[in-house]
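Subject: A structure for you to look at

Hello,

Here is the structure I promised to hand over. Please open it beside this email and look up each part as you read.

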Amino acid sequence: VSVMAAGGHHVKSVRAVQQHQLPLSEQTPPQQGLGAAPQRKDGTLKVSGHATYAAEHQVENVLYGVVVQSTVSSGRITAMETQAARRAEGVLAVYSHLNSLKINKPRSIPEGGAAQTTYLPIQNDRIIHNGQNIALVVAETFEQATHAASLIKVAYAETPALIFPEDKGAKPQDQDSLTITMGNAQQAMEQAEVRIKNKFITPREYNQPMEPHACIAHWQDDKLTVWEPSQWVAGARTAIAEWMGIDISKVEIISPYVGGGFGSKASPATHVALACVASRELKRPVKVALTRPQTFTGFGGRASTHQSLEMGATRDGKITAIIHDGYNETSLDDVFAEGTNRVTARMYAIENVTSHHRVVPINTVTPGWMRAPGENPSAFSLEVSMDEMAYALNMDPLALRIKNWADHDYQQGKPWSSRQLKEAYQKGAEAFGWSKRSMEPRSMREGRELIGWGMASGTYPVNLQPAEATLVLQPDGHLTVKSAGADIGTGTYTILAQTAADVLKIPQDRIQVELGDSRLPTAGVAGGSQLAGNLTAAVFKTALALRERLFTLAIETPDSPLFGTPRDKLVVMDNGVAMTMRPNRKVTFEQLLSLAGLPSLALSADTFKGNASAEERDKMLSALNTITRPEDVSAHSWSALFVEVRVDEDFGTVRVKRMVGAFDSGRLYNPALARSQWIGGMVMGLGQALLEEGTLDPRNGRVINNNLADYLVAVSADVPEITTIDVGQPDYKATTMGGKAVGELGIVGMAAAISNAVFHATGKRVRELPITMEKLI
Ligand code: MCN
Ligand code: MOS
C-alpha cells in the first residue's frame, strides 16, 4: 500500500506478515471482509460535509447558551452583576449560583460512574480553578448570548491558589493501587555496577479535536434528547441522568459522528449539564458550544507529570533494578491519576522494581484522558532511561532492549498472549537502516544540520467490555448492523460492515451501519483502545447466529429449494443460501424470507457472560471499572519506533525527518485504518515531543496559550515520511477476533524516540517536554 499523507509526503506501509484466515471464512467478496481495506463507510460523507455533527443538527426553536468562565483560580464569588445581560436583547435567562438550577452529583469514573468530574457548575459561589464554568447565558441567537455574556461582571474574594503541584501547601496523595513492589529494588540498586538516575517532566497537554465540545439538549415531555459528541453514549446517558436526577430510560444520546475526541469526549463535560438543565427550565432546545479557549478549562487535558527514575544494571547490560516515582496534578475535588508507572515493570525482564505514583490536588479542572493516559508519560521516562543506560554502558540502544527481553510478563507473572516485539525491532531496524547508525552523539551531520537517530518501544494493553449487536436483513439483501458504539474517526463503521460481510458474504455497498445512539444495542466506550475488538466480537457472533437462522429457514421452510438439506452442506453466497458443491441449488434471501413469510430478519446477540439482567448490563457498560483484561494471559500491543531528526546547530530547531514504526496489534481488522491510527498516534507523539505545552500564568493559573495559534500541535508541514510495518499475528487469547489495541499505541514511546534522536544529534539530553530550541542552545 502506498498513499499520500496529509503533508503530501509519501507514506509507506509494509506488510510483513500475511493475515491468517478467519476460521469460519468461506469465500468472502474480495476487499470486503476482515483484514481487507475497503473504503471508509463515513469517508465520503465527512469530506463532502454530509456527516452531521452534534451542534450542526437542526432543531426547531433552538436557543443558544454561552458559558461564562471564572477569571481567578481560588476563592468565592462575592458579586455577579447580571442585570445588564438579562436586559440585553434576545436574552431569556442568565443562570448562575444566584438563581441556580439544580444539578445532582454524579458518580465519577473512579467511583464506578461515568462522569469525568463530580464538580457541579453554578451550585454555589466556590471557585476551584481558573476558567471554571460559573454561568450560562441563554438567548435567541448565539450573537445575543455572546454579547450578553460579555456584560456580566463578577467580583471575587480570592484566596491563595495552588497553581503548580510543587507549590507550598500542595499535598501529594499516594495512589496505592499503582504501587509496584517486585523483588528488592533498593538492595539490587546498591549492588548495581552501573546506575543512572534522572528527572522527567511532561507539561500539561490539551486534547484539541477539530470538532470542539458542542451539544444540543432538548427536554420534551419529561424526556431528554442530547446531541452530544461522545466516545461513549452509554456513559453519557448515565452521567446526564445522574445530573438531572432522572432515570436513564428518560435520556437519549445521539452521536453518529464525532470529530475527534482523543479521550476528551469519553464523558460529557459540565457545560452539557448546563445545557440540559436550561432546556428543562426553558422548555426549549438549548445549544451550547464551548469556544476554543473555553475548551482548555471546560474539561481537563493531560495532567503535567513529574517523574524520577533510577535504573541499575550490570556492566554487560542486564538491568537489575528500577526505582521509579511519579506524580501528576489533579483537581481539588476529584482524583485523576495519570499513572506514570504503567509500563515501567512490564516492558523488560527486570526482577526488582519499586514504584509509586501520587496525585497532587491543586486549583485546576480535573484532568482527563488524553491518548494513552499513563502509558504515554510512563514510556517517556522509561524509554529515555533505556537510551541513557545504553550510553552509560556504551551499548547499542536496540541491543540493550533485546538483552533485557521479557519472555513473559514479570509484573503479573503471566505468559504473554502474544508478543511480536522482536519482529518489530528487527523489521523496524531493517526498514530504518539502524545498523548504519554510529553510536557517538554529534557524529552524523549534513551541512549545518546535525543528524540524530533514536528509537524507543511502546505498548498498550488489551481491554475488554461486552457489547450487544443487532443485524437486520432485508429481503433485497440489504443488511443493517446496529450498535450504540462510537466511531470517533477510527473506522468503527467500516470494520463492523467488514465483520458482517465476512460471515454473510454480503458486499459492502449493501451493508449499512448505525452507530452512536443510546437507543441502539448497548456498547461500551471507544476508549482504552478496545472498542474495535469488543464490537467486532459482538457483530461476528450476531452474524453467525443470523447465518444459522438463514440455514434453518432454508432447511425447514416447506417450499424452500433446500428443504431438508443437511446443515453442514450449506453456505451463504451471492445474496442467498446455497449448497456447498452445487451452487445452483440455491435460494436467495428474498425468496427465503418471502417463503417464510418474514418481512425482514432481525437478530440480536451479545457477548455478556451468563444471564446478566438488563439493569446489570446497563451498569456494566456505563462504568469504567467494569472493564476487564484477558484472564490467564497478559495481552498487549507492542511497537518499535525509529526516528531521524535534523537539528539546526545554530538555532536549535528540531525537525523530524522520517519515522518508522513497526507494530504488533495482533490481527488487523482493516490494515489501512489501523495504519491511519498508528500514524495518527505517531504524529500526536511528534507534537508532544516538540510542540505541545500548556502554559500557566503563575499569578492566577490562567492558561495563557488557550488557542490553536499559541498552543501548538503538529501540522502537515511538521510531518515527515512515515513508514509503518505490521508484524502482528492473530491473537485469539487476547480477543475473540484476534486483534489487539491500535488507537493509542502509536503515541506511546514516540516522544522518547524523538528525545533519544535529539541526544544522538546534539549530545544534549532533554528530559522535559517539549524539546524546544531554548533547551538545546
Ligand atoms: N483496528 C484494526 N485492527 C485492530 C484494532 C483496531 O484495524 N486489531 C482499527 C479499526 O479501524 C478501529 C481502530 O483501529 O476502528 C481503533 O480501534 P481500537 O484500538 O479498538 O480503538 P477504539 O475503537 O476504542 O478507539 C479509541 C481510541 C482511543 S482510546 C483514542 S484516545 C483515540 C484513538 O482511538 N482517539 C482518536 N484514535 C483516534 N482517532 C481519531 N481519528 N480520533 C480520535 O479522537
Ligand atoms: Mo482514549 S485517551 O482511552 O479515549
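Below is what was found in it, part by part.

This is a predicted model: local features need pLDDT of at least 70, side-chain atom pairs count only at pLDDT 80 or more, and totals for chains, interfaces and linings use all residues. Residues are numbered from 1 along each chain as its sequence is written, chains are lettered from A and ligands numbered from 1 in the order in which they are written, and side-chain values use heavy atoms, with hydrogens and water left out.

Two helices

Start with helix 10 (residues 492–504) and helix 11 (residues 531–556). Helices are DSSP runs of H or I with at least four residues, strands are runs of E with at least two, and both are numbered from the N terminus. The axes of helix 10 and helix 11 come within 9 Å and cross at roughly 30°. Axes are lines fitted to C-alpha atoms, for helices over the stretch in contact, and angles run from 0 to 180 degrees between N-to-C directions. Helix 10 is therefore roughly parallel to helix 11 (angles under 35 degrees count as roughly parallel, over 145 as roughly antiparallel, 65 to 115 as roughly perpendicular and the rest as oblique).

Which residues of helix 10 meet helix 11? They include Thr492, Ile495, Leu496 and Val503. Their partners in helix 11 include Leu531, Leu535, Phe540 and Arg547. Contact means heavy atoms within 4.5 Å. The residues of this contact divide into 14 nonpolar, three polar and one charged. Ala, Val, Leu, Ile, Met, Phe, Trp, Tyr, Cys and Pro count as nonpolar, Asp, Glu, Lys and Arg as charged, and the others, Gly among them, as polar.

Three strands form an open sheet in the order 24-25-26, with antiparallel pairing. Strand 24 and strand 26 (586–588) stand at the edges, each with a single partner strand, so one side of each has no neighbour in the sheet. Neighbouring strands are turned by 20° against each other on average, direction ignored. Strand 24 and strand 25 pair over four bridges (two strands pair if DSSP finds at least two bridges between them). Val572 stands opposite Val577 in strand 25, and Met573 stands opposite Gly576.

Helix 11 returns here. It lies across strand 24, strand 25 and strand 26, running at about 115° to strand 24.

Look at the hairpin of strand 24 and strand 25, which has two residues between the strands. Asp574 takes a positive phi near 45° there. Asn575 sits in the loop between strand 24 (570–573) and strand 25 (576–579). Its phi is positive too, about 70°, although Asn575 is not a glycine.

Single residues

Asp221 lies in the loop between strand 12 (214–220) and strand 13 (223–227). Asp221 has a positive phi of about 45° although it is not a glycine. Is Asp221 buried or exposed? It is exposed, with a relative accessible area of 73%. Buried means under 20% relative accessible area, exposed over 50%, and partly exposed in between (1.4 Å probe, protein chains only).

Lys283 lies in the loop between helix 6 (270–282) and strand 15 (286–289). Lys283 counts as exposed, at 63% relative accessibility.

Last, the peptide bond from Leu769 to Pro770 is cis, with omega near -5°. Pro770 is found in the segment after helix 15 (750–762).

Best wishes
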